[in-house]
Amino acid sequence: VALAIDASSPAVAQNITAASTDTATTASFTPPANSLLVVLVSGDTFAAGTNSTWTITDNLATHLTYTQRVYSSSTDTPNAGGSALIYTAPVTTSAPMTVSVTNAAGSGTGRPVHTGAGANGYQWLNSYSRGNGKLSSTSGASLAASYTASANGSWGFAAVQDWNATGTMTAGGTGNTIIASATRTSTSCLTASHAVLLPMVSRVLQRP
Amino acid sequence: MPKGDPLVSPYVATFGDYKYDPAADADSSRPNHAVRIAVSFDNTTHAITGAVVWRAANCLWHHIVCGLGADGTPNSSTFDFDLTTLNDATRNITANQMGRPPYNVDTIDQFMATQITAY
């Protein structure tokens, strides 16, 4: 039976407030036993060239074990704003649960209004596969990641952050698709009073 | 690190299920396998002028919810747009309705002061 995204996968959760710490929590969902939870996260950072502190948890009495597979951060060259991360967690027992991801400012205090750098987008793209690749750009209109799949019929996932919100995102290539998006119609990080964009989507991979 | 652009109406949020594929949608305002809310507001005062919710008949989700409920999950939040009766249809919500319980929001800033998701 082919590997597939399970119907139990929850909707994207997003949070944008002026708080120094923001959390997005999915609605309750029940992944099947022996599945893999893939959590795609993108969000803001609190100052150029600095990182947020990201944490992930769930509401289970015994939490799942989450592994951060890749983290494109603001300290990665070329210091583009925003973050994109991927976590995975094996699910051995089926039970109703929520997943919460928190973006904390850490030691950052100032959240200066960024003036941007031209018309092109600040984009992050994380691809998790065998290579856990990541790349970013402060000028490119698109990013392309290549990897060698670990097996026929496997799935590749990417978490993307376009800090500059240059437009509606599309997925290039053959067979690629956007499975969830928190794109705004005009801006992503909004005004100074809304400092954090924290969209999160969880997908459950099921191999019966 | 806020981008610094002004907030421009409308605020739109779309929540797709596991079959959501926006590239296949002929009309992005009526996405398949998704629920959607578009909140319109005055760009100067940020006062909400109304909202429109959409639910595709083939979407697994029936609720758009803001904030968390007493049990810490979005599912029990009272800030709930119940879309159960919508099948490939939209529903208008007036500014007056948005300002009354259970929503109690008059500005887009108040609306976005909590998280949002769907189930």
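A search of the whole structure, a predicted model, turns up five aromatic pairs over all chains, where a pair means Phe, Tyr or Trp rings (the six-membered ring for Trp) with centres within 6.5 Å. Planes under 30 degrees apart count as stacked, over 60 as edge-to-face, and the rest as tilted. Take B:Phe79 and B:Tyr103: their ring centres sit 5.3 Å apart with the planes at 50°, so this pair is tilted. It links distant parts of the chain, with B:Phe79 in the loop between strand 4 (63-66) and strand 5 (80-82) of chain B and B:Tyr103 in the loop between helix 1 (95-98) and helix 2 (108-111), 24 residues apart. Helices and strands here are DSSP runs numbered from the N terminus (H or I of at least four residues for helices, E of at least two for strands).

B:Phe79 also pairs with B:Phe111, and here the geometry is edge-to-face, at 5.9 Å centre to centre and 75° between the planes. This pair, too, links distant parts of the chain: B:Phe79 sits in its loop between strand 4 and strand 5, while B:Phe111 belongs to helix 2, 32 residues apart. As for burial, B:Phe79 has 9% relative accessibility and counts as buried, B:Tyr103 is buried at 16%, and B:Phe111 is buried at 2%. The cut-offs are under 20% relative accessible area for buried, over 50% for exposed, and partly exposed in between (1.4 Å probe, protein chains only).

Chain B has two helices and seven strands, running β-β-β-β-β-β-α-α-β from the N terminus on. Its radius of gyration, taken over C-alpha atoms, is 14 Å, close to the 14 Å that the globule rule (2.2 Å times the number of residues to the power 0.38) gives for 119 residues, so chain B is as compact as a globular protein of that length. The C-alpha trace spans about 35 × 35 × 30 Å along its principal axes. Buried residues make up 48% of the 119 in chain B. With contact meaning heavy atoms within 4.5 Å, residues 24 or more positions apart account for 60% of the chain B contacts with a separation of 6 or more. The accessible surface (Shrake-Rupley, 1.4 Å probe) of chain B comes to about 5,100 Å², and 50% of that belongs to carbon and sulfur atoms.

Chain A has zero helices and 12 strands. Of its 208 residues, 50% are buried, and 75% of its contacts between residues at least 6 apart in sequence join residues at least 24 apart. Chain A exposes about 8,700 Å², with carbon and sulfur atoms supplying 51% of it.

One loop residue of chain A gets a closer look. A:Ala95 lies in the loop between strand 7 (83-91) and strand 8 (99-104) and is partly exposed, with a relative accessible area of 23%. Leaving out residues up to four places away in sequence, A:Ala95 touches A:Phe29, A:Thr30, A:Pro31 and A:Leu60. The C-alpha atoms of A:Ala95 and A:Ser28 are 9.8 Å apart, although 67 residues separate them along the chain.

A few bookkeeping notes: residues are numbered from 1 along each chain as its sequence is written, and chains are lettered from A and ligands numbered from 1 in the order in which they are written. Local features need pLDDT of at least 70, side-chain atom pairs count only at pLDDT 80 or more, totals for chains, interfaces and linings use all residues, and side-chain values use heavy atoms, with hydrogens and water left out.
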